[in-house]
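Please read the points with the model open beside you.

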Amino acid sequence: MSALQDALKAWRAQDIRMIKDRENIVHEVRVDSRSAALRLHRPGYQSPAAIQSELDWMAALARAGMRVPAPIPTASGDTVVRLGDGQCATMITWVEGKPIGEGGVPLDGDANQHCALYRRVGREIATLHNLTDQLSLPTKFSRHRWDIPGLLGDQPFWGRFWESPALSADERALVLRARAVAHDKATAFAENGADFGLIHADALRENIFIHKGDLTLIDFDDAGFGFRLYDLAVMMTQNEEEPAADAIRDAAIAGYRELRPLPDDAEALLPMFVMMRRFASMGWAVPRNPADSPVVREYAVKAIRAARAFLDQ
């Protein structure tokens, strides 16, 4: 029996369609006469304990009133089902609506609409951080870390980005120089009381749904402990090509500040955190694509551009 069939049996669910095959394979299913999302987790990325912790966080946020998917247990009460060969399955509540946009595709509407949207996105991220700080998480809560070692150390969470085969020798030297400078600045930032805690770490357009005017943050697969500033930086990476990029950034920051403090010295570090996300993504792309893939080079080009902008500040 396939992993999908085993998972459907565990939840007594009916498969409707596959909706995503990237990090995880996601199916829309019917369970207890309602739609739900069945996730077949990629073996080797997150441990069962880490997946359980992701679900625990989402459930706590949902109980606190935030619009996020919540775990659906099996009839026996399990929220993580082990399928064998290192693969796990989970089921979460269905989210109506559609993504606010797509990476590499211009946003719909005009600049005023873009700013209004991202002001709300900024508020949503601040709400996530605020509610999380009020939660009591299980003692066995386990997630990876988007801290300095996880982003800039010798073994970053998404891989040794400076070893990307798409980099020339000069480009690699540039990336390594920017990495060293960022390491020093991030260390000083952390030592001076940087806002640090659980973060979503992947607040891209595709992971923010809108339905009847309400926003819902989905896909907590990359969530971990990290700099809160990183959540804002990730959100901003897809808007750099927008004509109103600066205004969108300012609107998102203003929205965030409506609900949570963001000191000026932290805001000044956003380009560095954007660069660190570019570095992480460059590392992420390498094991998932052939070495000569245009995708690997595309991620490298974005990282190089961010590194140059950071060093030229």
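1. Start with the second largest pocket. Its lining divides into 10 nonpolar, 2 polar and 8 charged residues. (Ala, Val, Leu, Ile, Met, Phe, Trp, Tyr, Cys and Pro count as nonpolar, Asp, Glu, Lys and Arg as charged, and the others, Gly among them, as polar.) The pocket holds about 460 Å³ of space. It is lined by 20 residues, and Met236, Glu240, Arg249, Pro271 and Val274 are the closest to its centre. Helix H7 (245-259), H9 and H10 each give the lining at least two residues.

2. Some ground rules. This is a predicted model, where local features need pLDDT of at least 70 and side-chain atom pairs count only at pLDDT 80 or more, while totals for chains, interfaces and linings use all residues. Residues are numbered from 1 along each chain as its sequence is written, and side-chain values use heavy atoms, with hydrogens and water left out.

3. How pockets are found. The search uses a 1 Å grid over the protein atoms alone; a pocket is an open set of points where a 1.4 Å probe fits, with protein on both sides within 12 Å along at least five of seven lines, and lining residues have an atom within 4 Å of a point. Grid points are joined across faces, edges and corners, and a volume is the space filled by probe spheres set on the points.

4. Now the largest pocket. Its volume is about 1,300 Å³. There are 46 lining residues, and Lys20, Arg22, Leu204, Glu206 and Asn207 lie nearest the centre. By class, 17 are nonpolar, 9 polar and 20 charged. Strands S1 (14-21), S3 (34-40) and S5 (87-93) each supply at least two lining residues, as do helices H9 (270-285) and H10 (294-311). Which element gives the largest share? H10 does, with 5 residues.

5. The chain overall. It has 10 helices and 11 strands. These are DSSP runs numbered from the N terminus: helices are H or I with at least four residues, strands are E with at least two. A compact globule of 313 residues would have a radius of gyration near 20 Å, and the chain agrees, with 20 Å. (That radius is taken over C-alpha atoms; the globule rule is 2.2 Å times the number of residues to the power 0.38.) Along the principal axes, the C-alpha atoms fill a box of roughly 55 × 40 × 40 Å.

6. The sheet of 5 strands. It is open, has the order S1-S2-S3-S5-S4, and pairs antiparallel. (Two strands pair if DSSP finds at least two bridges between them.) S1 and S4 (81-84) are the edge strands, each pairing on one side only. From one strand to the next, the twist averages 30 degrees. S1 and S2 (25-31) share 6 antiparallel bridges. Lys20 stands opposite Val26 in S2.

7. Helices on that sheet. H1 (3-11) packs on it and touches S1, S2, S3, S4 and S5; its direction makes about 135 degrees with that of S3. H2 (48-63) also packs on the sheet, touching S3, S4 and S5, and its direction makes about 5 degrees with that of S5. (Contact means heavy atoms within 4.5 Å. Axes are lines fitted to C-alpha atoms, for helices over the stretch in contact, and angles run from 0 to 180 degrees between N-to-C directions.)

8. Two hairpins. S4 and S5 run antiparallel, joined by 3 bridges. Arg82 has Cys88 in S5 as its bridge partner. The hairpin has 2 residues between its strands, and Asp85 in the turn has a positive phi of about 55 degrees. S9 (208-211) and S10 (214-217) are antiparallel too, with 4 bridges. Ile208 is partnered by Leu217 in S10. This hairpin also has 2 residues between the strands, and Lys212 takes a positive phi near 50 degrees.

9. The sheet of 3 strands. It is open, with the order S7-S11-S8 and mixed pairing. S7 (145-146) and S8 (196-199) stand at the edges with a single partner strand each, so one side of each has no neighbour in the sheet. S8 and S11 (224-227) run antiparallel over 4 bridges. Phe196 has Phe227 in S11 as its bridge partner.
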